[in-house]
Structure formats: structure tokens, C-alpha cells
Amino acid sequence: MNRRDLLLSAVALSLPANVGAMAQEAPFTIRVTTRQIDIKGRAARVFGLVGQDGRPGWTGRAGDGFAVRVVNDQAEPTGIHWHGPTPPWRQDGVPGVSMEPIPSGASQDFRFPLDKPGTHWMHSHLGMQKQALMAAPLIVRHASPRDEQEVVVLLQDFSFTPADELLARLLGGEGGAVPHGSAAAPHGAMGGMGLVDRLRGLVGLARRGAMPMDVNDIEYDAYLANDRTLDDPEVVAIEARARVRLRVINGSAATGFHLDLGELSGTLVAVDGDDLAEPLRVSSVPLAVSQRADVLLDMPAGTGVVPVMFRREGARERTAILLRPPGAPIRRISELGDPAPAIGLELETRMRGPAIPVRPARSVIVPLTGDMASYRWGMGDVPPLRRGERIELELRNTTMMSHPMHLHGHRFQVVAIDGRRLQGASRDTVLVPPMQRVTIAFEADNPGPWPFHCHHLYHQVRGMETLVRYA
């Protein structure tokens, strides 16, 4: 579908009934602006999504609805996607699919219901603006207040090198090289083999060490928690014996993190904005790009400062925020620690979501493909859906890099990993590690053309993106 057809087809799609009532409310203004932050003593000019209250992003309560006016104060057009909510497709904020870009000096209104609490976020969906930190939290609190102290953490990766130059280096351009490691065989290799045979062959190569997994393909200048590095972390004042709800958002462009509580443990109660059916005790939570986690942490009596660490997967770098009870002394923490493992699916197999409907689902295999040598990525098409049907997508990663796969406009459930069925978590983004298969299921209950893509920014812009369509 071309862009004109996508935009014109909006007239056939109805908005929820309570949007009419919301239209009477004055919208909350979010300005697309620039700001200056300090990166290890060096000034950096980055984007910002700043609300009319002076805070980044938007915070509201379940049931109040979302009524926002985005004002573009920048010299370039933009488009802001609401990541986590499931609005009608015309409200999704994706230029070229659900809207035209917002020109410089212009504004656009967005209105849709938000009936469930959850930890979400917002970010540019135009070009590579997200790499320049055009992102912010979108928090929907419970309708009635809870006895919790809320701490929101937005994780990001930062480079003084512009995103287009980082991409040029990945393509082997001047001043850069293709990163270490390898991906799957180039397009056309093993062309006479079936997908399952190809997967088996690639797994054999990997086991022999001929095709090592590539974890990180960009080395960033800094890794940020709420705009700050570990040499000058954010210090959050915490009440003695408080119950803290950590709302952690991995808003990075290309970096996975492990949330690490050290010797403490907390209760993982929600991922990607949806509650788990069975909360889990954890001391560490892996967060692929764009995933979120809500962790309840009861501060022990007499404790000192509690560092909440975020370790870069496959590397030694880390960032953190510090939870500080009254009078607790602050100590300096090194930005380098022990190497963190690559993110896998061990915790994913233990998380439980809602009961799986018994009605049958149509199954579709979606291969995830790539060639590291040319830095070209791709994925299979999803055939047009029928409104009201239940669909299962088996995501088969044939490459040697992980891919955090995000579907717009829907909540899906993880129902199988490598063919093993489970009652997994409800999500909007799931990681598919190298040579693994993850099956997700969802209801086709929100008609429109919806982006479905890898949320690693550089994989997405190099081809790992398609549309899920129905009307």
C-alpha cells in the first residue's frame, strides 16, 4: 500500500466512542525541542520531548484518556509514536503510514482512551531522530493511588557521532569498518535449502566457532540513565522503608541492558506495560531494546544507598541511578564492571501471562534474515489478516544477531519458544535471539496497516520492517 492509500483509508476506520468526550478537554502540550546535557564533562545538544509542566513526556491515570498536542519547535519535520498503547491506527504517530510528518513550526493533536495502567514511552518514528534522544516516558498510573514511591528510569545510548555517520561505518564507509563477528549467510547462500535445513546448517557453523554471535555492533560514547552517566548519576531521595516501584524503559537505539539489583531482590510485576499473572522474585531483569519492566522493591531498614545498575549486554559498561534513604552516604561507582552476558530467553520462559484462548489460530512463519557483510536486514511478509481472527506468528531468526521485534497497535502473548508451548507474558516487543524461534499470538481487533519491525534502529532502517494489514 502506498502512503496516499494508507492515509485515505483512514475514513473507513471508526474511533472509539469516548474519544468524542475527550475532544472537549484542552490537550496537554508536548514540545519537540532541543536541550543541552553533560556527557562526562562535555556538552551535548540533543532532542527533547518536554511537557507543558516542564517534565519529559506524559504521565496520567488509567481511565482519564490521552489528549496531547505535539508542537514541533525544530527545523526538521518529525512524527512521535506512542509505544505501548494501542490507539486507532490514525493516532499511532508513524509518518508515511498513519500520518504525514509534522512540519517545522506546526502541531498535531492525538486523542484516544487509556484504560489500563502501564509503563510505556514515546519516541520519534522518523528517520534516525531517536538516536539523538528524541524519546520520553509515557506513564499510565493506576486509577486510584497506591502506597508506592514511583521511580521512572529511561535508558538510552549516546554518541557524539551523528546517526547517519554511525550507519555509514556499519556499511563499511570512510572512517569505519564492519563490526566484529558475523551474521547469517548472505542472501542467496544456501538458496536451494529449506529454512529448517538452513537453520540447522547455521547452528552447526556457530557451534564450530565459524560464526560467532555478534552482540553489539556500535560502540557508544555513553550509556545513560535519565540523561546521566555513572560518573554523575541521578540520586533519588527515598523514604525510609519505602516501597519503590521501578518503572524501567529501555529507550536505547541499539543496546540491550540487564537491570541489576545486586544483593537485593525485588518483585517483577509487569513487562511492557502489562501485569504478569504470577509476579516473580528477581535480582536481575534483561531488557532488550524498547522493552520495559516494573519491579517493586521494599527498601530494607538501615540500608545505605542502593545502586540500581544497568549493565550493557555483552560488555563491561554500565550506568545506574542511586536510591538514597535519608542520611545515607554516597560512594563513587566505576563505569566498568564484570562483563554482562548476552540477553537470552531464560526469564521469558518463566514469565506467565493470561490464559490462552482455546479457539484455533492461523499460523504464519516469519523469517528474520540478514547479511552482516553488507549490513542488510529483512523479514518475511505477513499476509493480510481477517478482522476478528486469532493469529500466531512464528518468528525464525536466521541471523547471528538478536532482534527485538515490535508490533504496533496490538498486545501479543508469547506462546512458544523453539517450538515449546507456554503461557507466556503479554508484550509489545519480544527478543528473538540468534538461531531461535519465538511464536507470538494476538487478536486482529484493531484494524489498519500496522508497522512490525526490529526495534534495533539500524536493523530497522536497513530493511527489517513490514506491515501487518487488515480492514
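How many bridges join strand β1 to β2, and do the two run parallel or antiparallel? Select residues 28-39, which form β1, together with β2: 10 bridges join the two strands, and they run antiparallel. The model on screen is predicted.

**Stop 1**

Strands of a sheet pair through backbone hydrogen bonds, either parallel or antiparallel.

**Stop 2: the whole chain**

Zoom out and colour by secondary structure. The protein chain has 6 helices and 30 strands. Now colour by accessibility: buried residues make up 55% of the 471 residues. With the surface displayed, the accessible area comes to about 19,000 Å², and 49% of that belongs to carbon and sulfur atoms. Of the contacts between residues at least 6 apart in sequence, 75% join residues at least 24 apart.

**Stop 3: the nonpolar cores**

Hide the surface and select Leu 268, Leu 323, Leu 393, Leu 395, Phe 452 and Tyr 458. These residues have the most contacts inside the largest nonpolar core, which has 76 residues. Helix α3 (residues 163-170) gives this core its largest share, 4 residues. In soluble globular proteins, nonpolar side chains tend to be buried together.

Centre on Leu 393 next. Leaving aside neighbours within four places in sequence, Leu 393 is in contact with Val 364, Val 366, Val 382, Val 438, Thr 439, Ile 440, Phe 442 and Phe 452. One of these, Phe 452, is also on the list of residues with the most contacts inside the core.

Then select Phe 28, Phe 66, Met 122 and Val 140. They are among the members of a second, separate core of 22 residues.

**Stop 4: salt bridges**

The structure holds 29 salt bridges. Side chains of opposite charge can pair when their charged atoms come close.

Begin with Glu 150 and Arg 247, which form a salt bridge with their closest N and O atoms 2.8 Å apart. Glu 150 lies in strand β9 (residues 149-158) and Arg 247 in strand β12 (residues 243-250), so the pair ties together parts that are 97 residues apart in sequence. Is Arg 247 buried or exposed? Arg 247 is buried, at a relative accessible area of 3%, whereas Glu 150 is partly exposed, at 26%.

Stay on β12 and pick Arg 245. Its salt bridge is with Asp 294, and the closest N and O atoms are 2.8 Å apart. This pair links distant parts of the chain, since Asp 294 sits in strand β17 (residues 292-298), 49 residues from Arg 245. Arg 245 is buried, with a relative accessible area of 5%, and Asp 294 also counts as buried, at 3%.

Move to Asp 260 and Arg 311, where the closest N and O atoms of the salt bridge are 3.6 Å apart. Asp 260 belongs to strand β13 (residues 257-260) and Arg 311 to strand β18 (residues 306-312), 51 residues apart. Asp 260 is buried, with a relative accessible area of 17%.

**Stop 5: strand β23**

Select residues 403-407, strand β23. How many of its 5 residues are buried? The count is 5 of 5. Both faces are covered: His 403, Met 405 and Leu 407 point to one side, Pro 404 and His 406 to the other. In a regular strand the side chains alternate between the two faces of the sheet.

β23 pairs with β27 (residues 429-432) in the antiparallel sense over 4 bridges. With β29 (residues 448-454), β23 is joined by 3 bridges, again antiparallel. End on His 406, which stands opposite Thr 429 in β27 and opposite His 453 in β29.

Definitions and conventions: Residues are numbered from 1 along each chain as its sequence is written. This is a predicted model: local features need pLDDT of at least 70, side-chain atom pairs count only at pLDDT 80 or more; totals for chains, interfaces and linings use all residues. Side-chain values use heavy atoms; hydrogens and water are left out. Buried means under 20% relative accessible area, exposed over 50%, partly exposed in between (1.4 Å probe, protein chains only). Contact means heavy atoms within 4.5 Å. Accessible areas come from the Shrake-Rupley method with a 1.4 Å probe; for residues, only the protein chains shown count as cover. A nonpolar core is a set of buried Ala, Val, Leu, Ile, Met, Phe, Trp, Tyr and Cys residues joined through side-chain atoms within 4.5 Å. A salt bridge is a side-chain nitrogen of Lys or Arg within 4 Å of a carboxyl oxygen of Asp or Glu. Two strands pair if DSSP finds at least two bridges between them.
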